[in-house]
Amino acid sequence: MGDNHLGDFLRARRAGLRPETVGMASHGARRVAGLRREEVAVLAGVNADYYARLEQGRERNPSPQVIDALSRALRLGTDARAHLYRLAGATPDDRSSAPATEQVSPALRQLMDGYPNTPAFVMSRTLDLLAANALAEALYAPFDPADNLARMTFLDPAGRTFHMDWDRAARATVANLREATGSDPDNPRLRRLVRTLSEGNADFDRLWNTHIVRGKTRDAKRFLHPDVGPLSLTYQAFDVRDAPGQQLVIYHAEPGSPSAQSLGLLGSIHATRHRPAPRSHH
């Protein structure tokens, strides 16, 4: 029987990760201190049986996409990721050493949920909303669906009412999207989105052709929410270090201000609407 270096490496790295480290709840007694095979498979988004075959040496040539997914799931650094590529007989593409990912880590979701009084969400380079806490969902409830900030601004009928300074919001949105073309000009998602927006809204087409570029950092926004009225909020945007291309955006209101009170009311309304129906007891 030949050596199973790939399986040995995966097993060792799995054993070194605790469930709480990756934001997973720990259920039942554990024979080993680290993650279970099934948990790694869930984190990587791969079939549990397929992952078991990788560890057992019955499958030895995972695709680059699977290698990258396992690297993220196992929290591998740059050198360890390159080592995993070599063990799998693949060559990492240096340009993708920091691939954009659409998956938001369980730990980051947990962090956002820990801010119940502050709208927080994660977006991609193309302004897709990848995850949001309850208050962010409440904030963007006027949109159906709340899926992409650019589409919501330019193509959703709610956009012009929701953004009290629509022209300013439109320019900022286009500038954010333009920045994405510098990071990943051939991104098919970006190309499709720009085409859809250009065909669907003349204002977008005009602004896109001005080539204004600006990333999200910090800014003030004024919204008009149908449930609580006007909101004056400031946002901060942070790059997610272990998920290139993702940004965590957090809105906040001036403490004690009418907007802070309105945010609190919005949270209560959202919680009431989404409260589970009481169980009937027979």
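Which residues are linked with Arg37 in a network of salt bridges? Arg14 and Glu55 are linked with Arg37 in this network. A salt bridge is a side-chain nitrogen of Lys or Arg within 4 Å of a carboxyl oxygen of Asp or Glu, and the structure holds 14 salt bridges.

This is a predicted model, in which local features need pLDDT of at least 70 and side-chain atom pairs count only at pLDDT 80 or more, while totals for chains, interfaces and linings use all residues. Residues are numbered from 1 along each chain as its sequence is written, and side-chain values use heavy atoms, with hydrogens and water left out.

**View A. Packing of helix 2 (residues 37-44) and helix 3 (residues 48-56).** The helices pack at an angle of about 115 degrees, with their axes 9 Å apart. Axes are lines fitted to C-alpha atoms over the stretch in contact, and angles run from 0 to 180 degrees between N-to-C directions. Helices are DSSP runs (H or I, at least four residues) numbered from the N terminus. Arg37, Val40 and Ala41 of helix 2 make the contact with Ala48, Tyr51, Ala52, Glu55 and Gln56 of helix 3 (heavy atoms within 4.5 Å).

**View B. Salt bridge of Asp49 with Arg53.** The closest N and O atoms are 2.6 Å apart. Asp49 and Arg53 are separated by about one helical turn, because they lie 4 residues apart in helix 3. Asp49 is partly exposed, with a relative accessible area of 43% (buried means under 20%, exposed over 50%, partly exposed in between; 1.4 Å probe, protein chains only).

**View C. Salt bridge of Arg151 with Asp156.** The N to O distance is 3.5 Å. Arg151 and Asp156 are buried.

Methods: Helix = DSSP H or I, 4+ residues; strand = E, 2+ residues; numbered from the N terminus.
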